[in-house]
Amino acid sequence: MITIDDWLARDNERQIHLVKDSLILTVNSRSQELLNWGIKVLFAKNYIDNLREETKKGQAEKIRQGWLPTKPPLGYITTGDAGHKIHIIDSNTAPFIKDMFELYATSNFSIKKLCTAMYEKGLRTIKGSKVIKSRMHQFLSDPFYCGMLRWNGKVHEGKQTPIISKELFDTVQMILNQKTTPKYRKHITTFKGLLKCEECQGTITWETQKGHWYGHCNHYKNCSLKGYTRQEKVNEQIFKHFDKIAFQNTRLSDWILKGLKESHADKIDYQEKCLNELNTQLKRLQTRADVLYNDRLDGRIDTGTYDRKYKEIADEREGILNTINRHGKAEKDYFDFGANLLELSQNAGAIYKSVNDEKKRELLSLVFSKLVLNADKGMLFATFRKPFEIIAQKVSDMKDGSKLPKTFEKATRNFEPPIFLQQEGTKYPENEVLLPRKDSNLEIALQRRLCYRYTTGQLAGGIFSA
């Protein structure tokens with residue numbers, strides 16, 4: 001950058017006219033004129049420095065209030081009067097932002113593929129074009145969408161309504177920062193990257209021949225298996241594995257749901273105790289923050305100490321708030337998770353048959369922890385994830401009656417609650433299995449209690465309490 005003094009010094013004919021001050025500057029100006037010029041430059045610099053200082057103060061105050069001192073990202077709009085601007089969710093674009101994060105969190109989308117998918121859903125730039133990769137990466141990396149503010153490299157707590165949860169944002173950041181991020185693929189089959197070779201544990205490679213997909217070992221580890229297996233044959237065995245987690249007797253699933261309802265009441269009590277303790281910690285932190293602020297005003301601590309201590313309190317407070325949010329969400333989703341898990345186990349085959357390849361991959365990743373293929377024999381071996389492994393074991397026990405406890409075997413004779421009807425002044429169970437003799441009724445009641453204890457304590461608790 002060339003200063004005015006340098007510009008004047010390069011040519012004796014050059015002049016600067018300051019009309020309001022009746023001053024003409026040249027390379028040969030008198031010392032008094034140069035002094036006046038220097039004073040004006042000094043005052044101008046002071047004005048600029050003061051303007052910068054006041055702007056930074058205003059921005060810092062805006063951040064302390066929990067609002068971003070600039071235009072919000074896509075998904076939000078600015079509203080309010082001058083000096084009191086806030087950011088609210090844009091109902092037109094916010095659904096795209098949520099879909100964007102949820103799709104990328106599946107690990108089935110590269111940034112490039114996500115740009116295309118969101119364009120097909122209707123996401124557009126201001127000029128109506130597709131969002132480019134670098135901009136998409138900025139969206140996925142912005143903590144503004146989960147209720148935080150990033151300003152000058154620091155993250156602060158914001159007051160805007162979040163579009164996504166902190167857990168979803170953290171999941172996306174983990175995928176963005178890992179070494180093997182999802183890559184763009186022009187062609188993708190249902191099982192690509194999901195199956196391992198039985199012998200060498202290498203990833204099964206898929207290729208298409210005459211309109212059919214074939215899987216085989218890539219032989220990167222000197223594997224002796226040379227065969228090819230058609231995708232249709234693998235799909236047939238997938239359905240057989242889904243059958244292993246489907247209860248043939250729907251009454252057992254009803255038992256589990258009933259037991260889950262009972263355990264849900266205990267979990268609510270636990271949640272309330274945890275939330276009370278967390279709220280007590282929040283009040284204690286607020287008291288510490290007030291004392292710290294008063295010490296700063298009274299000059300008992302310096303600015304550096306105040307900033308450091310305040311950051312420690314803010315970080316701890318943020319952690320507690322996140323824990324409270326997780327407890328609230330867990331309380332809401334606890335029973336839904338168990339019910340959905342059972343529903344998925346009963347309908348996995350039907351769901352798998354009705355969805356596209358992307359959804360099939362998500363379902364396979366959810367149900368199975370490992371899928372192994374012997375390409376020579378065309379055999380598929382599957383390992384269930386823990387909840388489905390327990391369900392599969394219980395289904396197997398139901399098929400093999402010898403593995404069931406005796407109390408459970410007895411209870412299966414009759415586990416419908418008796419319906420008492422009034423007839424000729426005498427109450428008796430409608431179920432014909434219950435005999436009118438006193439000792440028979442007591443035995444059935446005992447069996448029912450043992451059966452209920454078995455299902456809630458061993459089966460339902462085993463699946464959902466972990």
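The legends below describe close-up views of a predicted model. Local features need pLDDT of at least 70, side-chain atom pairs count only at pLDDT 80 or more, and totals for chains, interfaces and linings use all residues. Residues are numbered from 1 along each chain as its sequence is written, and side-chain values use heavy atoms, with hydrogens and water left out.

**View 1. L35, I39 and F43 make a nonpolar surface patch.** The patch covers about 310 Å². Patch residues have over 30% relative accessible area and no salt bridge; like charges are joined within 9 Å, nonpolar side chains (Val, Leu, Ile, Met, Phe, Trp, Tyr) within 5 Å. A salt bridge is a side-chain nitrogen of Lys or Arg within 4 Å of a carboxyl oxygen of Asp or Glu. Areas come from the Shrake-Rupley method with a 1.4 Å probe; for residues, only the protein chains shown count as cover. L35 sits in helix α2, residues 31–65. Helices (H or I, at least four residues) and strands (E, at least two) are DSSP runs, numbered from the N terminus. L35 is partly exposed, at 46% relative accessible area. Buried means under 20%, exposed over 50%, partly exposed in between (1.4 Å probe, protein chains only).

**View 2. M100 belongs to the largest nonpolar core.** This core has 33 residues. M100, F101, L114, M136 and L140 have the most contacts inside it. Two or more residues come from each of α3 (94–105), α4 (111–121), α5 (133–141), β5 (148–151) and α6 (166–177). Helix α3 gives the most, with seven residues. A core is a set of buried Ala, Val, Leu, Ile, Met, Phe, Trp, Tyr and Cys residues joined through side-chain atoms within 4.5 Å. Leaving aside neighbours within four places in sequence, M100 is in contact (heavy atoms within 4.5 Å) with L114, M118, L123, M136, F139 and L140. Another core, of 31 residues, lies apart from the largest one; among its members are C217, L341, F368 and F384.

**View 3. Q173 is a buried residue of helix α6.** Its relative accessible area is 15%. Neighbours within four places in sequence aside, Q173 is in contact with L140 and S141.

**View 4. Strands β3 and β4 form a hairpin.** Strand β3 (residues 76–79) pairs with β4 (residues 86–89) in the antiparallel sense, over four bridges. Strands pair if DSSP finds at least two bridges between them. T79 stands opposite I86 in β4. Six residues lie between the strands, and G80 takes a positive phi near 110°.

**View 5. Three strands form an open antiparallel sheet.** The order is β8-β9-β10. β8 (204–209) and β10 (229–230) stand at the edges with a single partner strand each, so one side of each has no neighbour in the sheet. Strand β9 (residues 212–217) pairs with β10 over two bridges. G215 stands opposite T229 in β10.

**View 6. L285 is buried in helix α8.** The helix spans residues 250–297. L285 has a relative accessible area of 3%. L285 touches I313, E316, R317 and I320, not counting residues up to four places away in sequence. L285 and I313 are 28 residues apart along the chain, yet their C-alpha atoms are separated by 6.5 Å.
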